[in-house]
Amino acid sequence: MSGLGIGIDTGGTCTDAVIYRFEDKEILASTKTHTTHDDLARGIRRALERLPKDLAQQAEVVALSTTLATNACVENKGGRAKVAMFGAHRENVEHYGSDYGFERGDGILFVDSKTRPSGKIVEMPDWDDFAAEVKDYFKDCDAAGVVEMYANKTGGVLENRAREIIKEAFDIPVVCGNELFAEKNIIKRGANTLLNARLISIIEEFTEAVRKSLKDLGIKAPFVIVRSDGSLMSEKFAKTHPIETLLCGPVASVKGAVELAGDMDSMVIDIGGTTTDIALVKNHQPKNADGGVRIGRWNTFVKGLFVDTFGLGGDSGVTFDDDYRIILEDQRVIPLCMTAHRYPAVLDTLEKIAKKTAPTRNPKDDIFLGEKVIAESAGYSDLEKRIATALLDHPMSLEELSIACGQSILHTHLERLVRESVIIRCGIT
């Protein structure tokens with residue numbers, strides 16, 4: 001046995017890979033490259049290619065961590081998902097939902113049913129009505145979630161039936177809240193289920209990229225993923241429970257720092273491209289979070305280490321407010337220097353903007369770049385597809401984009417594309 005392992009961490013800005021020898025806790029090789037959001041496999045493969053090939057192919061296990069899910073929470077991004085809630089009162093969800101992560105505009109389908117605390121269902125949903133509503137309500141979703149009142153007592157009988165109906169209509173993942181968490185709070189379960197559904201596409205893209213990269217390089221070692229509490233989980237579990245990857249990147253940093261530094265009491269600060277993460281270590285043990293971890297707007301049931309994560313990193317956008325005071329954004333943008341290095345033609349656009357008489361943060365001064373191909377994807381308008389196609393490998397200002405699309409493009413036309421990481425803003429960081 002070689003006693004070697006490979007570690008891969010994919011963040012919002014960089015992807016790192018190391019070869020580690022377990023016997024003497026020695027890092028034999030390490031490499032860093034840019035994360036390629038348009039094709040994660042390209043950046044991961046590039047990182048692995050820079051490791052010594054003979055050592056990489058001796059690896060017995062590959063351990064993965066990522067901040068992609070964490071960053072999605074901080075930046076309020078993710079796949080398109082909606083949730084159906086059985087037996088929940090609309091007014092309660094609207095009043096208290098923001099405490100757990102719901103925001104106005106989140107897709108929630110309220111379905112009438114009545115279940116007693118004992119688990120006895122006294123009023124079944126109208127399944128014919130539900131099946132009819134599903135066809136329109138979830139038609140533009142990448143994933144869906146379902147939760148029911150007192151699912152811990154019913155065994156999730158309504159959730160299971162709802163999942164069957166949605167799956168009959170659409171070939172998308174459907175998350176049942178009772179399979180994630182057993183806690184009673186239906187509003188918090190609903191928010192957690194919605195979040196889990198939104199993260200499915202992110203983690204699925206990541207694991208598939210790792211699988212492809214390992215295969216391309218002839219690395220046959222199985223891979224596991226770091227969980228929020230520092231333990232490990234399988235690829236299969238992570239794909240259905242992506243919410244359990246929250247903070248797994250920072251957690252891996254903390255566990256690694258504790259293992260390598262050996263300090264009994266310390267503070268671990270990890271500053272990345274998108275977020276800064278702070279954790280505390282007492283008596284050589286990372287401190288656990290009280291209750292579930294909270295990340296961005298989401299208050300979760302996920303058990304994990306205590307990590308304070310906030311949107312501040314090397315690629316945080318720098319803008320001005322109305323009084324020309326500098327503002328640091330919580331969203332990652334591509335630095336203009338990197339954009340200009342990769343696409344020299346953008347210098348002409350920047351020169352035009354630089355000739356303005358005063359510094360502004362007017363949306364028309366933004367430069368956008370496409371990150372994903374959506375020409376064949378369902379759920380996007382023709383205009384959104386034209387915008388995404390025009391911006392692929394062609395960073396443009398709104399004015400230039402309007403000319404390319406043959407109509408006036410407003411900032412509101414781009415909001416969903418930015419939120420779903422189809423395009424990204426380029427700016428000062």
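A residue is called buried when its relative accessible area is under 20%, exposed when it is over 50%, and partly exposed in between (1.4 Å probe, protein chains only). Helices (H or I, at least four residues) and strands (E, at least two) are DSSP runs, numbered from the N terminus. The structure above is a predicted model, in which local features need pLDDT of at least 70 and side-chain atom pairs count only at pLDDT 80 or more, while totals for chains, interfaces and linings use all residues. Residues are numbered from 1 along each chain as its sequence is written, and side-chain values use heavy atoms, with hydrogens and water left out.

Let us start with helix α1, which spans residues 40-49 and is mostly covered, with seven of its 10 residues buried. The buried residues of α1 are Leu 40, Ala 41, Gly 43, Ile 44, Arg 45, Ala 47 and Leu 48. What lies over them? The cover includes strands β1 (4-10), β2 and β3, together with helices α3 (68-74) and α8 (186-216), where a contact means heavy atoms within 4.5 Å.

Next, find Leu 109 in strand β6, which runs over residues 108-111. Leu 109 counts as buried because its relative accessibility is 6%. Leaving aside residues up to four places away in sequence, Leu 109 touches Val 83, Ala 84, Met 85, Phe 130, Glu 133, Tyr 137 and Phe 138. Val 83 is 26 residues from Leu 109 along the chain, yet their C-alpha atoms are separated by 6.3 Å.

One of those neighbours, Glu 133, also belongs to a patch of negative charge on the surface, where it gathers with Asp 126, Asp 128 and Asp 129. Such patches are made of residues with over 30% relative accessible area and no salt bridge, with like charges joined within 9 Å and nonpolar side chains (Val, Leu, Ile, Met, Phe, Trp, Tyr) within 5 Å. Asp 126 sits in the loop between β8 (121-123) and α5 (127-137), and it is partly exposed because its relative accessible area is 42%.

Now for the pairs of opposite charge. A salt bridge is a side-chain nitrogen of Lys or Arg within 4 Å of a carboxyl oxygen of Asp or Glu, and by this rule the count comes to 28 salt bridges. In one of them, the side chains of Arg 21 and Asp 24 meet at 2.9 Å, N to O. Arg 21 is partly exposed, with a relative accessible area of 28%, and Asp 24 is partly exposed as well, at 39%.

Lys 25 forms a salt bridge with Glu 259, the closest N and O atoms being 2.8 Å apart. This pair links distant parts of the chain: Lys 25 is in the loop between β2 (14-21) and β3 (26-34), Glu 259 is in helix α10 (residues 248-261), and the two are 234 residues apart. Are Glu 75 and Lys 77 buried or exposed? Both are buried, and their side chains meet in a salt bridge at 3.7 Å, N to O. Elsewhere, Glu 208, Arg 211, Glu 235 and Lys 239 are linked in a network of salt bridges.

Finally, look at two loops. Asn 283, between β14 (276-282) and β15 (285-286), has a positive phi of about 55° although it is not a glycine. Asn 283 is exposed, with a relative accessible area of 52%. Asp 393, between α13 (382-391) and β23 (396-397), has a positive phi of about 60° and is not a glycine either.

Definitions and conventions. Accessible areas come from the Shrake-Rupley method with a 1.4 Å probe; for residues, only the protein chains shown count as cover. Lys and Arg count as positive and Asp and Glu as negative; His and the chain ends are not counted. The place of a charge is taken as NZ of Lys, CZ of Arg, CG of Asp or CD of Glu.
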